[in-house]
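Me: Please take me through this model by way of its definitions, setting each value against the cut-off that gives it its name.

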Amino acid sequence: NLEDLEYNFIIDYMALYKYINNKLKDKRKYYIFIDEVQKIDEFQKAADSLYLNKNVDLYITGSNANLLSSELATLLSGRYIEVKMLPLSFKEYKEAYKDLNNEDLYQKYISLGSLPYTTSLDTEDDVSMYLSSVYNDIIIKDVMTRKKIQDETMLRNVANFAMDNIGSLVSTNNIANTMISDGKDINVRTVKRYLEGFMESFFLYKASRYDIKGKEYLKTQGKYYVSDLGFRYFMLGRKIGDFGHILENVVYFELLRRGYEVYIGKIDEYKVDFVAINKEGKIYVQVAETLKGIDENDTKILDSELRSLKKINDNYEKIILTLDKIPVFNEDGIKIRNVLEWLLDK
């Protein structure tokens, strides 16, 4: 760990290389982990040289504030595999709270967030202080410093707007226009720059639109999702009527964890919440907090969710996920199931 003063004698890439290379005594397999590698200027020279040893498996980690994947691609072109880490999945989260039923666990998951360290904290106040410190690090170090942004207040306003509108179709134009109408002095270029900073630091993720019938990606609009809902809860609180979009946020990241590229679907005038694509094909997903209408005979919500999926003319899996406690059943080949059980599947 290059933040540890025990290693303060490692002042450049040559010292780093010599220190590690001197420990490679024979042809056994060596696993090398270097944390906060960005503290060494031109660290890639040491990494490249160590990589030449056939018996070395090298892992490096670095702070977003100093080392992003785009830069890593330049420094170590073609000689590395990048592993992107996400907060805990619902299934991983359950390992920390085995005594909670699924419904209570979900409420905790979307309120306190799922950064691993939060599971070791005792109170909601402790979690709040921790998330605030992480959030401020992202704002100050990962975005402001890197992007050379001066207006911290406006940057936070854009972050709050994005978190307040997760799961809603937006563009940089309508974000700027909405904020201007609220009396804020901002333009489209600034909004775009701020959002890029949030995405580069893995705070926000963007799902672009995909025309299912035309099989083409659309440039207009998209949806933003926040990497950890704990940030949203502690910055904005929980708003009535947001639960559907919060559930979308959870499902979006679960699909990413399962190895899919995830898009927002469009077919004619209808929407499909997610089109998830991997090398094996596609899966179409609708997300609904509930499928229940005003009374037990009201099927308007279910019919609406089914309508979009029924328009799709291929044989890939189609599924509706809901918080309703229901057994798995099929409607014209479309699987309908409880989302919490789905989250615990893999």
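**Values and definitions**

Reply: Of the 346 residues in the chain, 42% are buried, a word that stands for under 20% relative accessible area, with exposed meaning over 50% and partly exposed in between (1.4 Å probe, protein chains only). This is a predicted model, in which local features need pLDDT of at least 70 and side-chain atom pairs count only at pLDDT 80 or more, while totals for chains, interfaces and linings use all residues. Residues are numbered from 1 along each chain as its sequence is written, and side-chain values use heavy atoms, with hydrogens and water left out.

Me: How many helices and strands does the chain have?

Reply: The secondary structure comes to 13 helices and 10 strands, where helices (H or I, at least four residues) and strands (E, at least two) are DSSP runs numbered from the N terminus. The C-alpha atoms fill a box of roughly 75 × 55 × 45 Å along the principal axes.

Me: Why is Ser-308 called buried?

Reply: Ser-308 has a relative accessibility of 4%, and the limit for buried is under 20%, so Ser-308 counts as buried. Ser-308 lies in helix 12 (residues 300-310), and, leaving aside residues up to four places away in sequence, it touches Ile-267, Tyr-270, Lys-271, Val-272 and Gln-286, a contact being heavy atoms within 4.5 Å.

Me: What makes the approach of the Ser-308 side chain to the backbone oxygen of Lys-271 a polar contact?

Reply: The side chain of Ser-308 reaches that backbone oxygen of Lys-271 at 2.8 Å. A polar contact is a pair of N or O atoms within 3.5 Å, of which, within protein, one must be able to donate a hydrogen and the other to accept it, and residues adjacent in sequence count only if both atoms are side-chain atoms; the value of 2.8 Å meets that limit.

Me: Why is Ile-110 buried, and which residues does Ile-110 touch?

Reply: Ile-110, in helix 5, has a relative accessible area of 4% and is therefore buried. Not counting residues up to four places away in sequence, Ile-110 touches Leu-229, Tyr-233, Ile-246 and Val-250. Leu-229 is itself among the buried residues of helix 10 (residues 229-236), together with Gly-230, Phe-231 and Arg-232, and the buried residues of helix 10 pack against helix 5 (102-112), helix 6, helix 7, strand 4 and helix 11 (243-257).

Me: What is found at the start of helix 10, and what follows helix 10?

Reply: At the start of helix 10, a side-chain oxygen of Asp-228 reaches to within 3.0 Å of the backbone nitrogen of Gly-230, and helix 10 is followed by Gly-237, whose phi is positive, near 80°.

Me: How do you know that the length of helix 9 agrees with its number of residues?

Reply: The expected span of a helix is 1.5 Å times one less than its number of residues, so the 13 residues of helix 9 (residues 188-200) should span 18 Å, and the end C-alpha atoms are 18 Å apart, which agrees.

Me: Which residues of helix 9 are buried, and why are they said to line one face?

Reply: The buried residues of helix 9 are Val-191, Tyr-194, Leu-195, Gly-197 and Phe-198. Seen down the helix axis, they fall within an arc of 155°, so they line one face of the helix, the arc being that of the directions from the helix axis to the C-beta atoms. These buried residues pack against helix 6 (124-147), helix 7 (152-164), helix 8 (172-181), strand 3 (204-211) and strand 4 (216-226).
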